[in-house]
Amino acid sequence: MAYKFKLPELGEGMAEGEIASWLVKEGDTVKEDDSLVEIQNDKSVEELPSPVAGTVKQIVAQEGDTVEIGDTLIVIDDGSPDTGDDDQPAKDDKEAEKSDSDKTTESASKEEATAGPATGSADAHYLAMPSVRQYARDKGVDLAKVTPSGKHGQITKADVDSFDGSAAPQAATQSAAPAAPASTNTITPYKSATPELETREKMSMTRKAIAKAMLNSKHTAPHVTSFDDVEVSALMANRKKYKAIAADKGIHLTFLPYIVKALVAVMKEYPELNASIDDSTEEIVYKHYYNVGIATNTEHGLYVPNVKNVDSKGMFEIAKEITENSQAAYDNKLSMDKMSGGSITISNVGSIGGGWFTPVINYPEVAILGVGKIAKEPYVDEDGNIQVGNMLKLSLSYDHRLIDGALAQNALNLLKKLLHDPDMLLMEG
Amino acid sequence: MAENVIEKDTVIIGSGPGGYVAAIRASELGQDVTIIEKSDTVGGVCLNVGCVPSKALITAGHRLQQAKDSSTYGITTSDATIDFTKTQAWKDEKVVARMTGGVQMLLKKHHVELINGEAYLDSDTQLRVMPSGPRQFMDNGGGQTIKFKHLILATGSRPIEIRGFKFDDRVIDSTGGLNLKEVPKEFVIIGGGYVGTELAGAYADLGSHVTILEGSPNIIPNFEKDMVSIVKKNLEKKGVTIITNAMAKKSENKGDSVEVTYEVDGKPTTISADYCMVTVGRRPNTDNFGLEMTNVKLTEKGLVEVDEQGKTSVDNIYAIGDITPGPALAHKAFFEAKTAAGAISGKHTANDYIGVPAVCFTDPELASVGLTEKDAKDKGIDVKVAKFPFAGNARAVSLDAAEGFVKLIAQKDTGTLLGGQIVGPGASDLISELSVAVNCQLNAEDIALTIHPHPTLGEPIQEAADILIGYPTHI
């Protein structure tokens with residue numbers, strides 16, 4: 001009678017999401033595959049289609065709720081016959097689950113208490129002198145977990161000491177874990193002398209995802225950034241020439257498609273730039289596809305949708321897709337698929353006046369190209385004459401585990417060559 | 001009543017072994033301590049009307065017996081006599097007063113404030129102190145209100161009165177039994193537990209004909225039969241009549257005597273005595289001081305429920321001694337007092353002692369700590385047991401006191417000492433070694449490998465350990 005629609009797996013190991021908005025309300029009639037709800041997970045918003053047709057009986061999870069895979073989101077009366085399990089109203093079910101898990105927590109903590117440091121219970125004595133038992137209590141060491149070294153299995157003071165110094169194998173880590181998280185995970189609270197002059201707000205899921213991704217990238221990949229610039233008067237002329245044609249096709253032609261195309265040529269020459277490191281197997285994974293990501297800033301966060309298989313697409317097509325992707329990002333409608341499987345990323349701050357900077361690699365990619373503004377600057381041409389050049393600022397960050405400085409510079413040189421002389425793109429791109 | 005409220009840091013109700021030790025320890029740990037004691041002297045039952053004065057009477061009895069009969073050693077005296085008034089004066093002035101005075105001095109030295117009066121709890125954080133003594137009525141405005149941060153309940157226990165035996169000048173409790181003005185000719189003691197039996201021995205030594213009426217099949221039922229049988233034989237040698245399975249029915253005060261009726265197998269018997277002492281047990285003092293006004297929870301048996309630190313169901317209220325589960329013994333209260341005082345002061349203390357020693361000052365003395373053979377069997381623990389008799393000990397023989405034995409109980413596979421019992425000369429002192437051994441979970445081998453001085457009463461402990469490790473020496 002009632003179909004309970006539960007949050008399905010959204011891919012990429014996403015365990016939870018936030019209800020962004022409901023597209024139906026209670027009492028609505030829905031057809032199979034009608035969109036029911038928008039779920040925001042770390043970086044994308046997914047519309048979930050209804051697997052059944054029927055009437056919306058109850059919306060269980062409210063907008064803004066964080067839901068986990070398997071949580072009931074909505075109950076749809078699909079007219080199917082009762083099955084014992086489904087008979088329960090969804091809310092009750094959820095509460096039952098909750099109280100169940102509460103019970104589990106409770107019993108777990110009870111067990112913990114029993115297994116805890118030696119207490120008054122006469123049967124809970126471990127083989128240790130009273131002074132050692134007191135010493136263990138003082139140090140918060142659970143004698144149950146200490147490996148005795150004394151004769152007849154007596155736990156000595158030294159045993160308690162070495163346990164506390166986490167020298168005791170395995171057992172030590174086990175006990176230390178719940179008490180204090182491993183030191184690398186220790187979270188230092190932000191303290192302020194003037195909290196009244198500050199406000200606090202919760203980090204959004206997207207912000208948290210960005211923070212985690214940046215931390216992971218910087219933590220994992222040793223970054224080096226090479227700065228360079230290139231004279232792009234010819235590129236500007238080319239773009240000017242085709243901009244109108246593109247506009248006729250409804251396409252907004254920026255410099256980005258040129259750079260995307262140039263990067264394909266660079267990646268083909270230097271496949272290390274289109275690779276990832278698999279730390280678990282200590283292998284370099286070379287990618288035989290060319291998906292170039294464009295970092296897209298929106299009011300609800302930073303997204304990196306990538307244009308797939310740019311090697312087989314024309315400039316206009318690439319331009320069109322870049323525009324579509326960024327629109328989807330603005331509209332919060334990017335799917336997970338659009339943001340995974342990238343080769344390399346372009347981060348463009350030139351459009352808002354930026355110059356050189358040190359972009360952070362979109363891990364597990366191994367390189368990111370920072371694109372700055374095109375500035376009029378003095379420039380010495382091939383003939384040795386000083387001219388007013390249109391100088392494009394480039395910043396290439398790369399993972400030094402895989403890419404050494406010379407390779408990066410050679411790659412940059414090729415990129416410069418292609419951007420300086422866009423005709424070359426016809427040859428190489 | 002708001003205008004009459006004093007605020008206190010740590011308040012302790014009762015100055016018995018639990019209360020005064022808690023006060024001293026709490027003070028040592030930096031607490032500001034106040035003790036409320038309803039009686040005129042500090043020290044509680046133990047010092048005033050319990051353990052200590054009874055030991056004095058037992059000593060007097062022994063001295064009289066030795067004076068009367070040392071012919072075995074070639075010593076003859078003209079008939080020894082006793083001036084019991086003098087005995088009592090010695091007990092009261094030289095023993096009890098000295099000990100309670102000592103406690104009072106210790107409290108003073110530790111800057112413990114002593115308030116004489118009866119405490120009545122109003123809530124989890126407040127009590128009133130009323131002047132001691134009988135009252136016609138109580139009203140809420142009466143007494144001094146004290147607001148406390150921490151409270152330690154150390155109110156102890158009192159003798160149980162049984163039906164048909166209302167306490168008067170002839171029917172007395174243990175306090176009365178200790179303070180008799182004369183040595184009774186006929187003395188009936190109802191209850192053959194450790195208090196009754198100790199005093200039975202003392203008064204028998206002092207010249208009474210004592211009759212013990214015990215409801216169960218054995219006297220001193222909390223000690224093992226093989227130990228008690230030695231004591232029983234000795235009591236009978238002193239002329240004590242022991243009637244077991246006896247149900248005390250009623251008493252009748254005849255002015256200068258008392259008639260006591262009891263039944264064995266439904267058959268009533270009436271005997272006449274100068275005094276009838278009822279020592280059938282003690283009940284915790286958890287009533288009549290407003291405990292019900294707090295959130296302190298009691299167990300089914302009416303004892304205060306406490307955690308391993310002595311903390312009650314109320315975070316700032318602790319309970320120690322006789323009102324908590326476990327044997328009602330002063331030394332248990334001592335230990336719990338230190339634990340509770342430490343806990344209040346933020347120390348990681350715990351009542352994680354193993355085995356509370358129990359001692360009975362009979363002839364010979366009985367002592368036990370940790371598990372008995374039967375306890376181990378009941379718990380399903382595989383043990384090995386070794387017994388060494390004092391008959392094989394030079395010192396015991398030279399004391400002409402070669403009765404009894406030392407028994408050690410050790411875990412069968414590991415040899416860890418789980419308990420020990422001693423019946424014999426000096427058992428009350430010797431048990432301390434076994435208390436250390438059991439609480440430290442020593443191995444029989446540890447004892448066997450420790451030199452015990454010769455010739456002393458302690459040697460049988462080492463001998464018993466030798467038996468446990470398979471190499472007996474003097475047996």
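**Note on a predicted two-chain model**

1. In helix 11 of chain B, the buried residues are Ala427(B), Leu430(B), Ile431(B), Glu433(B), Leu434(B), Ser435(B), Ala437(B), Val438(B) and Asn439(B). Buried is used here for a residue with 20 or more other C-beta atoms within 10 Å of its own, exposed for one with 12 or fewer, and partly exposed for anything in between, with C-beta atoms placed from the backbone. Helices (H or I, at least four residues) and strands (E, at least two) are DSSP runs, numbered from the N terminus.

2. This is a predicted model, in which local features need pLDDT of at least 70 and side-chain atom pairs count only at pLDDT 80 or more, while totals for chains, interfaces and linings use all residues. Residues are numbered from 1 along each chain as its sequence is written, and chains are lettered from A and ligands numbered from 1 in the order in which they are written. Chain B has a mean pLDDT of 94, with 97% of its residues at 70 or more; pLDDT is the predictor's confidence in each residue, from 0 to 100. For the complex, the predictor gives an ipTM of 0.71 and a pTM of 0.59.

3. The buried residues of helix 11 of chain B pack against helix 3 (130-139) of chain A, and also against strand 18 (358-360), strand 19 (365-370), strand 22 (417-424), helix 12 and helix 13 of chain B. Contact means that the C-beta atoms of two residues, placed from the backbone, lie within 7 Å. The 13 residues of helix 11 of chain B should span 18 Å at 1.5 Å a residue, and the end C-alpha atoms are 18 Å apart, which agrees; the expected span is 1.5 Å times one less than the number of residues. After helix 11 of chain B comes Gln441(B), with a positive phi near 55 degrees.

4. Helix 13 of chain B (residues 459-468) has ten of its ten residues buried, so it is largely enclosed by the rest of the structure. Its buried residues pack against strand 20 (383-389), strand 21 (405-411), helix 11 (427-439) and helix 12 (444-448) of chain B.

5. Lys55(B) is in helix 3 (residues 51-68) of chain B and counts as partly exposed, with 16 C-beta neighbours inside 10 Å. Thr155(B) lies in the loop between strand 6 (144-153) and strand 7 (157-159) of chain B and is buried, with 29 other C-beta atoms within 10 Å.

6. Chain A has eleven helices and 18 strands, and 31% of its 429 residues count as buried. The contact between the chains takes 13 residues from chain A and 13 residues from chain B.
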